[in-house]
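Biologist: I would like to learn how to read a two-chain model feature by feature. Please give the general idea each time, then the case at hand.

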Amino acid sequence: MNAHAISVAPTTNRVDLLAISALVTPGSRVLDIGCGDGQLLKLLEATRNVDGRGIEISQKGVNECVARGLSVVQGDADSDLIDYPDDGFDFVILSQTLQATYHPREVVEQMLRIGRKVIVSFPNFGNWRVRAALGFRGRMPVTKDLPYSWYDTPNIHFCTIRDFVGLCDDVGATVEKSFVLRRGGETSLPIRALRFWNLFGQQAVFLLRR
Amino acid sequence: MAANDSFRPASPGSTAKPRAAGRGRSAVSEADDPSSLVVRFGPDKPLRLDSGVQLPELQIAYQTYGELNADRSNAILVCHALTGDQHVASLSPVTGKPGWWSDMVGSGKPIDTDRYFVICSNVVGGCLGTTGPASTNPTTDRVYGLDLPVITVRDMVRAQAMLIDHLGIDQLFCVAGGSLGGMQVLQWAVSYPERVFSAVPIATGARHSSQNIAFHEVGRQAIMADPDWRGGRYFDYGVSPRKGLAVARMAAHITYLSDEALHRKFGRNLQDRDTPTFGFDADFQIESYLRHQGVAFVERFDANSYLYMTRAMDYFDVAAQHGGRLANAFLGTKTRFCVVSFTSDWLFPTSENKAVVRALNAAGASVSFVEIETDRGHDAFLLDEPEMFATIRGFLSSAGEARGLR
């Protein structure tokens with residue numbers, strides 16, 4: 001439960017991806033939901049030797065993935081997870097996508113059904129910058145991690161770190177590990193002081209199991 | 001076999017020499033005596049058909065491109081669609097036109113004949129040299145006509161497996177094809193999972209839909225309503241149901257396109273005239289185009305073969321072969337799949353392709369799926385679609401790495 005030192009080969013400099021890959025057991029079967037252009041899957045194949053699969057909603061992302069040799073299907077986290085068998089994967093990953101789903105609770109429940117372990121990363125809507133934007137400026141927050149205006153954002157279900165812990169309780173998930181990524185991103189720190197990180201954490205990563 | 005890069009037929013005696021493709025060969029002469037490689041199987045190796053009958057003698061006409069490597073691991077079987085043939089990347093001996101998938105198959109193409117040994121055979125029931133209704137029935141010495149038993153997609157694949165055995169290949173690196181060809185790809189993966197390293201079913205489905213059966217029935221009725229069909233024995237009378245077959249083709253051709261593409265190409269434009277003629281000539285360009293498609297088709301295709309090929313597609317239903325659950329067909333498969341569909345394809349819409357993807361996921365198979373944005377309808381798989389080419393090139397090269405191909 002210590003800070004995750006990032007020691008994987010830097011095929012990417014996205015700290016959240018490096019932090020997630022550090023959680024994945026080498027040689028495992030992985031499903032990456034919302035895999036984009038396949039950056040995380042490529043990283044996991046290269047550094048964790050995983051048998052990786054992906055789901056991505058955009059045609060462009062899927063085409064890039066397939067052209068890079070990844071097994072990726074065009075699909076939607078909200079509707080397509082039901083097609084996957086129980087315990088089909090060792091790890092099911094949802095990286096920076098939870099807030100863009102229509103039914104976050106159902107998505108997390110499906111993930112817990114499909115995978116023995118579940119990794120979720122998301123932007124913390126409880127961060128003080130977000131609170132300040134809404135509380136003092138009276139405007140919907142637009143930050144580095146949340147760069148969209150309210151009218152064109154794909155993010156429709158924001159939550160804070162404490163909200164997510166609440167969801168984990170509601171669906172009966174056990175939190176094995178949880179940490180926040182520090183600004184600048186050199187290190188990640190475990191979430192011990194929940195209220196503190198709920199105010200200062202920008203991105204959170206949770207490792208869950210049933 | 002000694003280390004030898006080039007392909008040698010397993011039993012050269014039974015393989016006829018390819019004849020140089022010359023333009024203007026009639027479809028009738030191709031049926032018995034095709035301008036391609038041929039292998040013949042005798043009564044010692046009968047083809048067992050789904051209908052319960054056996055074909056005591058079977059001829060398979062095929063083409064190959066590229067070279068089989070020393071460990072016979074680089075073979076790709078290309079399966080052709082309803083009216084395709086074995087001339088996937090070489091001139092058609094009947095029309096003199098380039099092969100039907102020469103954008104996809106060839107030197108430096110996505111299915112690269114510099115890397116892979118590509119095989120394409122005319123399917124059973126076809127009319128370009130593999131046993132079909134236009135072939136001579138060896139037991140009567142007359143043309144089969146409707147005496148040929150009804151053929152299924154599984155029968156076609158069973159016959160192809162005999163050809164692959166004959167070529168001395170245990171496992172195909174890939175089986176690829178669109179439409180009816182995609183059905184064959186799926187059937188290969190289901191019937192011979194250990195013989196298919198990777199599979200590329202394009203613009204296809206695991207079953208033929210009710211609407212598709214309906215369209216096929218219209219085509220068949222058009223052929224059978226032509227007085228020159230003569231109960232299927234037109235060749236005995238020196239005639240052919242040209243009008244019926246042309247109408248069948250016209251109706252089918254519409255289903256291969258899309259409303260947007262038709263509008264883009266033809267709109268409501270008139271053909272070589274400024275005003276309607278107030279008659280039933282081909283006033284509109286689209287009418288003229290369809291008539292041309294129909295007339296050109298009858299020059300290269302046998303009407304009875306059209307009946308058999310459409311029937312094979314109608315009967316196709318993989319789930320029905322496996323207790324009604326499609327995922328059961330793929331349980332335990334190690335084959336890597338790459339499914340491709342097109343946004344404007346209403347013959348095999350994305351939903352049908354996705355049903356295959358869903359079943360593969362449920363079976364835990366390795367599957368990629370891409371839906372290509374295009375307005376060109378079902379026929380897009382035959383056309384220059386760069387996204388499709390990039391997808392298949394990338395898929396094959398990563399599968400090749402996994403298979404240890406250089």
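This is a predicted model: local features need pLDDT of at least 70, side-chain atom pairs count only at pLDDT 80 or more; totals for chains, interfaces and linings use all residues.

Biologist: What radius of gyration does chain A have against a compact globule of 210 residues?

Modeller: The radius of gyration is taken over C-alpha atoms, and the globule rule is 2.2 Å times the number of residues to the power 0.38. For the 210 residues of chain A the rule gives a value near 17 Å, and the chain has 16 Å, which agrees. Its C-alpha trace spans about 50 × 40 × 35 Å along the principal axes. For chain B, with 406 residues, a compact globule would be near 22 Å and the chain has 21 Å, which also agrees. The C-alpha atoms of chain B fill a box of roughly 70 × 50 × 45 Å along the principal axes.

Biologist: How many helices and strands are there in chain B?

Modeller: Helices (H or I, at least four residues) and strands (E, at least two) are DSSP runs, numbered from the N terminus. Chain B has 12 helices and 15 strands; chain A has eight helices and eight strands.

Biologist: What share of the residues of chain B counts as buried?

Modeller: A residue is buried if 20 or more other C-beta atoms lie within 10 Å of its own, exposed if 12 or fewer, and partly exposed in between, with C-beta atoms placed from the backbone. In chain B 52% of the 406 residues are buried, and in chain A the figure is 44% of 210.

Biologist: Which domains does the assignment give for chain B?

Modeller: Domain bounds come from an automatic or database domain assignment. In chain B, domain 1 takes 12–208 + 317–403 and domain 2 takes 212–312. Their centres, taken over C-alpha atoms, are separated by 25 Å. Two residues are in contact if their C-beta atoms, placed from the backbone, lie within 7 Å; 31 residues of domain 1 of chain B and 22 residues of domain 2 of chain B take part in the contact. On the side of domain 1 of chain B, α1 (27–32) and α2 (153–166) each give two or more residues.

Biologist: How many residues of chain B are in contact with chain A?

Modeller: There are 20 residues of chain B in contact with 15 residues of chain A. The elements of chain B that give two or more residues are α11 (350–362), β15 (366–372) and α12 (386–403). Of these, α12(B) gives the most, with seven residues. The side of chain B divides into eight nonpolar, eight polar and four charged residues, where Ala, Val, Leu, Ile, Met, Phe, Trp, Tyr, Cys and Pro count as nonpolar, Asp, Glu, Lys and Arg as charged, and the others, Gly among them, as polar.

Biologist: How many residues has α11(B), and what covers its buried ones?

Modeller: The expected span of a helix is 1.5 Å times one less than its number of residues. α11(B) has 13 residues and reaches 18 Å from its first C-alpha to its last, close to the 18 Å expected. Its buried residues include B:Val356, B:Val357 and B:Leu360. Their cover includes β3 (71–74) of chain A as well as β13 (196–202) and β14 (336–342) of chain B. Just after α11(B), B:Gly364 takes a positive phi of about 75°.

Biologist: Which residues other than glycine have a positive phi, and are they buried or exposed?

Modeller: Among them is B:Ser179, with phi near 60°. B:Ser179 lies in the loop between β12 (172–178) and α3 of chain B and is buried, because 27 other C-beta atoms lie within 10 Å. Another is B:Asp272, with a phi of about 50°, in the loop between α6 (259–265) and α7 (285–300) of chain B. B:Asp272 has 8 C-beta neighbours inside 10 Å, so it counts as exposed.

Terms used:
Residues are numbered from 1 along each chain as its sequence is written. Chains are lettered from A and ligands numbered from 1 in the order in which they are written.
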